[in-house]
Amino acid sequence: MSTEALARLAEERVDHRFKGLPPDAAGLTVGELAAQRRNLFREGDGFTTPVLVLSAERLEHNLALMEAYAARHGLAFAPHGKTSMAPQLFHRQLRHGAWGITLAVPHQVRVARAFGVRRVFLANELTDPAALRWTAAELAADPEFRFVCYVDSVRGVELMDAALAGAARPVDVVIELGAGEGARTGVRTEAEAAAVAAAVAAAPTLRLVGVAGYEGEVPRPDPERVRSYLRRLVALAADLDRSGRFDRAGEIVVSAGGSAWFDAVADVFADMPELSAPVLKLLRSGAYVSHDDGHYRRLTPFTRVPEEGALEPAFRLWAQVVSRPAPGQAFANAGKRDAAHDLDLPTAQVVRRNGEERPAAGVTVTGLSDQHTWLRTDPEADLEVGDWIGFGLSHPCTVFDKWQLIPVAEADGTVVDYIRTFF
């Protein structure tokens, strides 16, 4: 990655764009503010609620854990960058052994390239002519840039080939196999896959290098259904290889892996048959970097294979109690603009008052307004206006996108870094 581009993030000035930061920090650079090592909880350091915080220790733990997991199972790793859209985290993921970064749409690829990411896996069919021409220019300008994207239709192949006419380098593509009827994108049958492969072979601007899919879309998923789909994906790779469809590929890419079933991916990919070229077994899980206190805490494969380790939720949203209108009710000053709410509501975890922290006993989140958290308080709840509440959050992909600059704090609240996002 480009260390110069990353360094420029530290030169950005702190101002009104960034929620939760100390008002008196306006005008400082991000690097200058980080060097002050202010504390979230120390009176006078000035952090305002709501403020989202990443745990420095848990972030590092999660990065190291998935690096070790991928290495142990012989998997290359291209974590999905759409989760965080944070080049600083991309950099850390690459330093922790990632092969490259997975992305979803052209804008995200442009962000990654602006920060020097050399290998991008686009988990989507790319048919936009302007985006394809930009991609071709990037490939022509940088011989070390590796770009791979999905194809799942003959029409898509035709559109790509037309837009890429005259390109200096072919674009590498993988056929996406859909996870079943009613699932998301991808060819539904092996016959459709063969037709797409034939279309790619006839397109001089494209090169077929493998197959891919997303097991998280398997209808009514359970371990056997998921593994059955993944075995079908591997079999498709073998069939296309026997048909000579990967003749121009130096290595064959077989890719899958969200954040809920990567254990199944590891198991099935371990039995990959020998193909005509080396196989890049590419895992794409992304939510691990922050993990969460809801959806992925319930679904993570580490609950099924605890001997492999455990991810740790790295997010905490701090808000302040601003109203206590009735004995059983309170309101905090964070809402839908600050917290993910598409899969689960936040959970009240701890309360801080006068420098002391304790469990948020008897406090339950019942809803979110745009800028308020609705709290039910049981008789045992000790909650007053002015208290800070630390909330656990669910679904990292819709947490990161609400914050442009996120403090990274050590366990005692000392802020040691700030993560910039680009959504």
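Which residues line the largest cavity? They are Glu-176, Leu-177, Gly-178, Ala-179, Ala-183, Arg-184, Thr-185, Tyr-214, Glu-217 and Tyr-229. The model is predicted.

**Cavities**

A search of the whole structure turns up 2 cavities of 30 Å³ or more. Glu-176, Arg-184 and Glu-217 are among the lining residues, and Glu and Arg count as charged. Gly-178 and Thr-185 also line this cavity; Gly counts as polar.

The second largest cavity holds about 30 Å³ of space. Ser-259, Phe-262, Ala-287, Tyr-288, His-291, Tyr-296, Thr-300 and Leu-311 form its lining. By class, that lining has 5 nonpolar and 3 polar residues, with no charged ones.

**Aromatic pairs**

The structure holds 12 aromatic pairs. Two of them are set out here.

| Pair | Centre to centre | Angle between planes | Geometry |
|---|---|---|---|
| Phe-41 and Trp-318 | 5.0 Å | 75 degrees | edge-to-face |
| Tyr-69 and Phe-302 | 5.7 Å | 80 degrees | edge-to-face |

Take Phe-41 and Trp-318. This pair links distant parts of the chain, 277 residues apart. Phe-41 lies in the loop between helix H2 (30-35) and strand S1 (51-55). Trp-318 lies in strand S10 (residues 315-326). How exposed is Phe-41? Phe-41 has a relative accessible area of 23%, so it is partly exposed. Trp-318 has a relative accessible area of 3%; because this is under 20%, Trp-318 counts as buried.

The planes of Tyr-69 and Phe-302 stand at 80 degrees, and therefore the pair is edge-to-face; the cut-off for that class is over 60. Tyr-69 sits in helix H3 (residues 56-72). Phe-302 sits in the loop between helix H11 (295-299) and S10. The pair therefore ties together parts that are 233 residues apart in sequence. Are these two residues buried or exposed? Both Tyr-69 and Phe-302 are buried.

Ring pairs also build a cluster. Phe-41, Trp-318 and Trp-388 are linked in this way.

**Charges over rings**

Which ring lies under the charged end of Lys-19? The ring is that of Trp-403, and the charged end sits 3.9 Å from its centre. Arg-113 has its charged end over the ring of Phe-145, 3.9 Å from the ring centre.

How values were computed: Residues numbered from 1 in each chain as written. Predicted model: local features only at pLDDT ≥ 70, side-chain atom pairs only at ≥ 80, totals over all residues. Heavy atoms only, no water. 1 Å grid on protein atoms, 1.4 Å probe; cavity = no way out; pocket = protein on both sides within 12 Å on 5 of 7 lines; lining within 4 Å. Points joined across faces, edges and corners; volume = space filled by probe spheres on them. Phe/Tyr/Trp six-rings, centres within 6.5 Å; stacked < 30°, edge-to-face > 60°. Helix = DSSP H or I, 4+ residues; strand = E, 2+ residues; numbered from the N terminus. Buried < 20%, exposed > 50% of the residue type's maximum accessible area, 1.4 Å probe, protein only. Lys NZ or Arg CZ within 6 Å of the ring centre and 35° of its normal.
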